[in-house]
Amino acid sequence: MRILLISPDLMSTSKLAGLAREADGLLETLRSLNDKLRSDHYDLVLLDLQAFRDDPAVLVAKVCVLLDSLPQKNMLMKVVAFGPHVHKQRLDDAVAAGVDESVSRGELFGSFPALLRRWLPSLPTKEG
């Protein structure tokens with residue numbers, strides 16, 4: 001399982017890298033939307049709304065352009081925005097702009113294995 005995290009936040013990167021490892025996944029981090037992708041395939045893309053000041057619609061559009069540059073587009077790839085629960089409007093705006101789902105930061109960190117099973121039901125899990 002390949003996960004792309006779009007965030008310059010080192011705390012989020014560190015925490016999510018550990019959670020991805022526990023789920024037998026590999027986390028790649030993109031610190032800026034101007035950086036180049038290092039892989040040509042991702043199963044899940046996580047967009048940290050708190051880490052960027054742009055309007056969520058602008059951020060989502062930039063992410064879409066970035067993902068459209070992949071040579072083999074994965075139609076099943078999920079794009080999920082996350083941020084503080086107090087920024088509910090930004091989370092809702094990201095969904096309106098085209099991400100598959102948005103979750104609070106606490107939900108992402110606290111329920112990561114369950115969220116992975118929901119977002120990527122076809123991927124094998126440690127349990128079988």
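Two strands count as paired if DSSP finds at least two bridges between them. Helices (H or I, at least four residues) and strands (E, at least two) are DSSP runs, numbered from the N terminus. The model shown here is predicted, so local features need pLDDT of at least 70 and side-chain atom pairs count only at pLDDT 80 or more, while totals for chains, interfaces and linings use all residues. Residues are numbered from 1 along each chain as its sequence is written, and side-chain values use heavy atoms, with hydrogens and water left out.

View 1. Follow the sequence along and you get the pattern β-α-β-β-α-β-α-β-α-α. The C-alpha trace spans about 40 × 35 × 25 Å along its principal axes. A compact globule of 128 residues would have a radius of gyration near 14 Å, and the chain agrees with its 14 Å (taken over C-alpha atoms; the globule rule is 2.2 Å times the number of residues to the power 0.38). Of the 128 residues, 45% count as buried (buried is under 20% relative accessible area, exposed is over 50%, and partly exposed is in between, using a 1.4 Å probe and protein chains only).

**View 2. Here is the open sheet, with five strands in the order 2-1-3-4-5 and parallel pairing.** Strand 2 (26-30) and strand 5 (101-104) sit at the edges with a single partner strand each, so one side of each has no neighbour in the sheet. From one strand to the next, the twist averages 25 degrees (axes are lines fitted to C-alpha atoms, for helices over the stretch in contact, and angles run from 0 to 180 degrees between N-to-C directions). Strand 1 (residues 2-6) runs parallel to strand 2, and five bridges join them. One to look for: Ile 3 has Leu 27 in strand 2 as its bridge partner.

**View 3. Zoom in on strand 4 and its partners, strand 3 and strand 5.** Five bridges link strand 3 to strand 4, and Leu 44 has Lys 78 in strand 4 as its bridge partner. Four bridges link strand 4 to strand 5, again running parallel, and here Ala 81 has Ser 102 as its partner in strand 5. Five of the six residues of strand 4 are buried, so the strand is largely enclosed by the rest of the structure.

**View 4. Helix 2 (residues 56-68) lies across strand 1, strand 2, strand 3 (44-48) and strand 4 (78-83).** The helix runs at about 150 degrees to strand 3. Ala 57 belongs to helix 2; this residue is partly exposed, with a relative accessible area of 38%. The C-alpha atoms of Ala 57 and Ala 94 are separated by 6.0 Å, although the two residues are 37 apart along the chain.

**View 5. Now for the largest nonpolar core, with 22 residues.** A nonpolar core is a set of buried Ala, Val, Leu, Ile, Met, Phe, Trp, Tyr and Cys residues joined through side-chain atoms within 4.5 Å. Those with the most contacts inside it are Leu 4, Ile 6, Val 45, Leu 47, Val 63 and Leu 67. Strand 1, strand 3, helix 2, strand 4 and helix 3 (88-97) each supply at least two residues, and the largest share, five residues, comes from helix 2. Leaving aside neighbours within four places in sequence, Val 45 is in contact (heavy atoms within 4.5 Å) with residues including Leu 4, Ile 6, Val 63 and Leu 67. A second, separate core of 19 residues includes Leu 5, Leu 27, Phe 109 and Trp 119.
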